[in-house]
Amino acid sequence: MEVFQVTLSDMLLPALSFLVIIVVTWVTAYVLGAIVSRLMSRSTPLVAAQAKRLVWAFVWFVGLLLAVEQLGLHVELLLLIVGLMGAAVIVGNRDSLENISARYFTDLYVPIKVGDYVAVRGQTGRVIEMNPICTIILSADDQLISIPNTVFVKEAVVNATPQAWKELTIPIMVGGDVDLAELERSVLKSCNKIRIHLDQRFPPVLSVKSRTPQSAELTLTLMVKEPGRKEAISAEMNQRISAILESAKKKGQP
Amino acid sequence: MGGMKEEVDYRFTPGGVTRMVFPLLKRMKEAGILKGATWVSLNPGGPRHSVLDGIEFRNVLLDHESLAGYGKTKEAIWGTVHGLSEASSSGDMFWRDDFTDYAYYNRLSAETMRALDGEGDFDLFYVHDFQQLPVGYMLGTLKPKVFRWHIPFDRTTIPKLWIEPLSTYLNSYDVVIASSRRYLDSLKEFGFGGVARHVYPYVDPSDYSKPTAREAKALARGLGIADREKVAVVVARMDPIKGQDRAIRAMAKVRSQEPDLRLLLVGNGSFSSSSGGLKLSKGAAWRARLEQLAKDLGVQDRVTFAGHLSQRELDAAYVRSSFTVLPSVQEGFGLVVIEGWIHGRPSVVSTGAGVSELVQERANGLLFEPDDVDTLADQMARLASDEALARKMGARGRVTSRSCFVEEGVKQESDIMLGLV
């Protein structure tokens, strides 16, 4: 008959390792998040925030797996199941996922928005809805035309809206309890600093795209004077907005 | 707090907006059209929250620096739409740092209204005047939004750089109400794509008392006006756009014909220039210029500056007067003409004022072009010399004033609001 003896140190050591890994994971997630924020300060604040969130999630995923392993549990099977489920979801919803990710990139990089007059794949009309799967346009003869979002990243899209080339929209993601009035004032003042590069007929406009108690998605719309400067203006404004958000955070504002 | 008394516990800021909005809300509530109303406004010295006659007041407070920037922008807009030359450099107003304070105040108001909407689930937002124009856009709600534009709207005075932002803000409202037909036409010509209406501003006749002749005499004596003198009264805040200088110049021309005519100027600074408001020094500076002008023209003994009068004193001033004068260069409407009519006094009205649409020449008043001082002088002399005519025109004016009573305003504005909810 075998006798298993479990001493106090046998129990304490894995628990201690678990705790140490959790702490290290927390520190690593924080440090890497800050590095990503710094590296992406010239990118769109929305993209920077999402990249930071992705790094954070990855670090915690790896950290938790390592921590769980310290407790003597085998994670290989868990990983295999998660992996297979992920693959199944991706294969099963390939088209939808393609459209969803296309929607994400369209939002950021394709210069169209609801209200614009566009021509794509032989269809023309006003964009009246952009949902995760398709973009709906209303044709001149009152027909609704659904165009999969992937088309917008794979094919040429003509935006025939007057002045559309001037428009620069910068998405900004903030906490739901943000001091919007103060943020807007700082952002508008910041825009004034580069006004010589902007079309004076169209002052900057900050609008609230969506809002929940937890977060608010804002859009800053600028109209540039010269198309060649659009990218530089975008980069500079992204940097300025990141600095404003950082400064607000330091002052204790969300 | 329902027992608060006007002039004792609170005072309406100068100008016609509060004078007409408060009775509107009260009447609509009494008529059961409104279940409740919450009034959000800037009140630097007021409490955050108060209740008066069942209407909730939520005051937006601003720090001194923001208040200054907001005030400058407000004045720039006001001066520009009134065609003032000193405001002509404000074309780039939307790009100035002062404008960010104006935007800040509007966003604070919109956020306050949004939060209150979360609690009260309002049916409609009713935004008054150009100081709050961006609120409709900033509210970001699909609930009905009505905007009342109280000041003149002449598209020819709008700077090119303002067209786009002004269109954006105006088009965020479902209905825009202008104060007169001419401003409504201009709004449409400007390209406002929504529903536009015109509703003449209105007053609550029960707000006006009927002082006795003795009270009127006592007020006049207190102001140094002799019993034999005839009085032409100008009721307006001290501001160049109100054209008191024209009335003084006209006095100088009338003096030889009507040596017993006295010009009584009632009013002091606006909300922007008053000590309880934004404390800009415009009002005091303009009064000093007018006093100097009267001296220069040798009519200082014919012109009396009464400053601010309480409502009762103002009523007494109307009663003591022979007629009123509205010499404004530009004026959204000109409720003081209606007030004069309520007291049976005819008026000499500048065609630059919206209320001139209601003046029927020689029937209830007399008209003059704002820069035509000679005609103003002739019209003043006509009313001063012919008491019977003045009385007859005053009586006709009293009838006309009914079209600007709050009952009419409630009817028209309720129709607009009920059509949206």
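Which hand does the crossing of α6(A) past α3(B) have? I started my notes there, with a predicted model open.

**Entry 1: the helix pair between chains**

I looked up the crossing and found that α6(A) passes α3(B) in a right-handed one.

Next I listed who meets whom. From α6(A) I wrote down A:Leu180, A:Ala181, A:Glu184, A:Arg185, A:Leu188, A:Lys189 and A:Asn192. Facing them in α3(B) are B:Asp97, B:Thr100, B:Ala103, B:Tyr104, B:Arg107, B:Leu108 and B:Glu111. I sorted the residues of this contact by class: six are nonpolar, two polar and six charged.

**Entry 2: chain A domains**

I turned to how chain A is divided. Domain 1 takes 8-92, domain 2 takes 110-159 and domain 3 takes 164-250. I checked domain 1 of chain A against domain 3 of chain A: their C-alpha centres are 32 Å apart. The two do touch, with eight residues from domain 1 of chain A and ten from domain 3 of chain A. What classes make up the domain 1 side of that contact? I found four nonpolar, three polar and one charged residues there.

**Entry 3: chain B domains**

Chain B has two entries in my list. Domain 1 of chain B is written in two pieces, 16-203 and 405-418, and domain 2 of chain B runs over 205-404. Between their C-alpha centres I noted 28 Å. The contact draws 24 residues from domain 1 of chain B and 21 from domain 2 of chain B.

I then asked which elements supply the domain 1 side. Those giving two or more residues are α1 (16-30), α2 (64-81) and α6 (181-190) of chain B. α2(B) gives the most, with four residues. By class, I recorded ten nonpolar, eight polar and six charged residues on this side of domain 1 of chain B.

**Entry 4: chain B as a whole**

I counted elements last. Chain B holds 14 helices and 13 strands. Its radius of gyration is 21 Å, close to the 22 Å that the globule rule gives for 421 residues, so chain B is as compact as a globular protein of that length. I also took the spans of its C-alpha trace along the principal axes: about 65 × 45 × 40 Å.

Note on methods: Residues numbered from 1 in each chain as written. Chains lettered and ligands numbered in written order. Predicted model: local features only at pLDDT ≥ 70, side-chain atom pairs only at ≥ 80, totals over all residues. Domains from an automatic or database assignment. Contact = placed C-beta atoms within 7 Å. Nonpolar A, V, L, I, M, F, W, Y, C, P; charged D, E, K, R; others polar. Left-handed = near helix turned anticlockwise from the far one by under 90°. Rg over C-alpha atoms; globule rule 2.2 N^0.38 Å.
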